[in-house]
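Please read these points with the model open beside them.

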Amino acid sequence: MKKLALIIVLGSLSTFSFSCSSFLKKDYPKSETVVSDMFPLEISRSTYYENLASGYAESGQNEKAAELLRLSVLHDPANLSARLKLADQYIKQNARYLAEIQLKEVLRLNPSSTTAQHKMADLYLTSQIFSKAEPIYFDLFKNNPLDKKAAWALYLISKAEKNFELANFRLNLVQIIANDNVAVTLEKASLLRLQNKWPEEQVLLDQVYQVEPNKLPLVSALSESYFRSGNWNEASAILQRFDETNSFNFEISEKLSFAAVQVQNYDVALDQYAKQKSYRPYSTQIDLKVAHVYFLMENYAQAEKAYLSYLSEKENSQDDEANYYLSKIYQLTNRFDQSATQLQKIDSTSEYFSVAQIELANIYKEKDFVGALDRLKIAHNLRPELLDITKSYADLLIADHRFNEAIALLEDTIPIFPNDEDLRLKIAYSYYQVDSKQAFEEQMTEAIKINPKNSEIYSALAQLWFVKSKKGSEVEFFAKQAIELKSKNVNLKPLLAWALLDQNKSAQAIALFEQYYEQNPAEYYYAKSLADVYRYALINSKAEQFSKIALGLESSRGLNAILQNKATRKVSDFDTDKAFNARVPASLENY
């Protein structure tokens, strides 16, 4: 209260110091009954309430300030300073219509008040009522061609309305009077970005960056442009330069650590996280990012320690992202039971629920196939909209030769995802297995319509035709189509070789078999295939040689069995030799 009283007294002593006399372009008659009880000869009651309101406004008591300003206006309706301040208070309280009333009254009493015009135009601009804001700003700029605020506002209106030609014209006017090359450049870049002119945007920003390499907004915008184009090395370079030549900036540090992860410069990322942690010591999200970086570095011992430390915090104990990646470490270090324990902690509402359930099924399917199948069934019933779970569930049903159940599941799912060719391939395969030729052809036709360049369609047909001992010429056609479309199926070229051999094209077949055996000398079925080919051609010494090699390899399955397995068991097995089969941590996807 002492402070408030001091404000009142000081305000009163500086007679009219809070009033905006510059807005009064003509004299208004004073009322005979508006003098203050405290200073009857020096200050009007209207000014007294206005000054008192200023004290409340400075202390953040906006409602009280507005009430006192209403009293001020009540005592002197011509007090334009009080009306302008009251409009400001209404804007703070989001009572824009009341602010508009006060501003209109000011302009009625003093039409030439540029302050009132600016406030009115700003009110319309922030309310996105451009049709009312634009003419006011236009008049302000017309009357004062050096009015930067009006020039900027006119440009922003054109930009918001996507009138790019007019926006460029107005931005050029801003450039003439604003003397702020960086700000204008950033806006020119934003116009190019809105028009999807990404290369032009990057060239423009880079040109100005060469002159102004230490301007934070420019470095930030250019790094964003590099991010969008996937130019991580350039982004990392300019961010690292800024970091080394300027005082620490948290925004730049976040971007630099993000870019460093993309180019696998993990030491730089860890260094930036350490700086961020010293700046925000209580941010556990930084700890999670550090754990992720150790994971990507394949430093699993350090990553495990970091994840466990992060999860030990009560508020983080149920963090699905951390639990998921900790489970990956357990998989990579052959601790599958511990991995399963972590995966089971992931909530059904989590974005990681789908992949967690699929990986749990993968962990359990070798020792408890039915249990794995039941797990995916429960997960599907719980979250039927998750397509990956549905596909994996269908894969296990197919692998268990429960084709009718797979068909029923996929028939329910395809109407929800009619343009997913993978679903069409699965149901087509199932129809094929139950000898429903017409349904098989219909689904394959639909799959080809959806994506005629899908190599996996022809890859699947080649495998099916081979497994079912169809004509070699047809297997050859499908295999060549798939190869031409760049299928990643490693079985296709051996399939093609067998198809060629079936048609007595032995020279081509043997050349292919030898090529793939040389590339894969540890694969049983390549060695066995070569032995069979040489035996077929009565080259007994070669046949004997490769038979012995095949017997020495661990696998005991022939090509046909492997292909059958590949065609039916398509739940994604996790390669324990590659950490990067895991999805990129979400916390590292955004800086």
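**Notes on the model**

1. The largest nonpolar core holds 64 residues, and those with the most contacts inside it are Leu396, Phe440, Met444, Ile457, Leu461 and Trp465. Apart from that core lies another, of 57 residues, including Tyr294, Phe295, Tyr310 and Ile346. A nonpolar core here is a set of buried Ala, Val, Leu, Ile, Met, Phe, Trp, Tyr and Cys residues joined through side-chain atoms within 4.5 Å. In soluble globular proteins, nonpolar side chains tend to be buried together.

2. The model is predicted: local features need pLDDT of at least 70 and side-chain atom pairs count only at pLDDT 80 or more, while totals for chains, interfaces and linings use all residues. Residues are numbered from 1 along each chain as its sequence is written, and side-chain values use heavy atoms, with hydrogens and water left out.

3. The protein chain has 33 helices and zero strands. Helices (H or I, at least four residues) and strands (E, at least two) are DSSP runs, numbered from the N terminus. Of the 591 residues in the protein chain, 48% are buried; buried means under 20% relative accessible area, exposed over 50%, and partly exposed in between (1.4 Å probe, protein chains only). Among contacts (heavy atoms within 4.5 Å) in the protein chain between residues at least 6 apart in sequence, 52% join residues at least 24 apart.

4. Helix H5 covers residues 96-109. Its 14 residues should span 20 Å at 1.5 Å a residue, and the end C-alpha atoms are 20 Å apart, which agrees. The expected span is 1.5 Å times one less than the number of residues. Buried in H5 are Ala99, Glu100, Gln102, Leu103, Val106, Leu107 and Leu109. Helix H4 (80-92), helix H6 (114-126) and helix H7 (130-143) are among what covers these buried residues.

5. H7 also packs with H8, at an angle of about 150 degrees and with the axes 9 Å apart. Axes are lines fitted to C-alpha atoms, for helices over the stretch in contact, and angles run from 0 to 180 degrees between N-to-C directions. On the H7 side the contact is made by Phe130, Ala133, Glu134, Tyr137, Phe138, Leu140 and Phe141, and on the H8 side by Ala150, Ala151, Ala153, Leu154, Ile157 and Ala160. H7 passes H8 in a left-handed crossing; left-handed means that the near helix is turned anticlockwise from the far one by less than a right angle, and right-handed that it is turned clockwise.

6. Asparagine 179 sits in the loop between H9 and H10. Its phi is near 55 degrees, a positive value in a residue other than glycine. Most residues other than glycine have a negative phi. Asparagine 179 counts as exposed, at 76% relative accessibility.

7. Helix H10 (residues 181-194) has 14 residues and reaches 20 Å from its first C-alpha to its last, close to the 20 Å expected at 1.5 Å a residue. Which residues of H10 are buried? They are Val182, Val184, Thr185, Glu187, Ala189, Ser190, Leu191 and Leu192. The buried residues of H10 pack against helix H8 (148-160), helix H9 (164-178), helix H11 (198-211) and helix H12 (216-229). After H10 comes asparagine 196, with a positive phi near 60 degrees.

8. H11 and H12 pack at about 145 degrees, with their axes 10 Å apart, and their crossing is left-handed. Residues making the contact include Trp198, Leu205 and Tyr209 of H11 and Leu218, Leu222 and Tyr226 of H12.

9. The axes of helix H18 (residues 320-332) and helix H20 (residues 353-365) come within 11 Å and cross at roughly 20 degrees. H18 and H20 are therefore roughly parallel to each other; angles under 35 degrees count as roughly parallel, over 145 as roughly antiparallel, 65 to 115 as roughly perpendicular and the rest as oblique. Tyr324, Lys328 and Gln331 in H18 meet Val355, Glu359 and Ile363 in H20.

10. Glutamine 342 belongs to helix H19 (residues 336-343). Is glutamine 342 buried or exposed? Glutamine 342 is buried, with a relative accessible area of 8%. Leaving aside neighbours within four places in sequence, glutamine 342 is in contact with Leu311, Asn323, Leu326, Ser327 and Tyr330.
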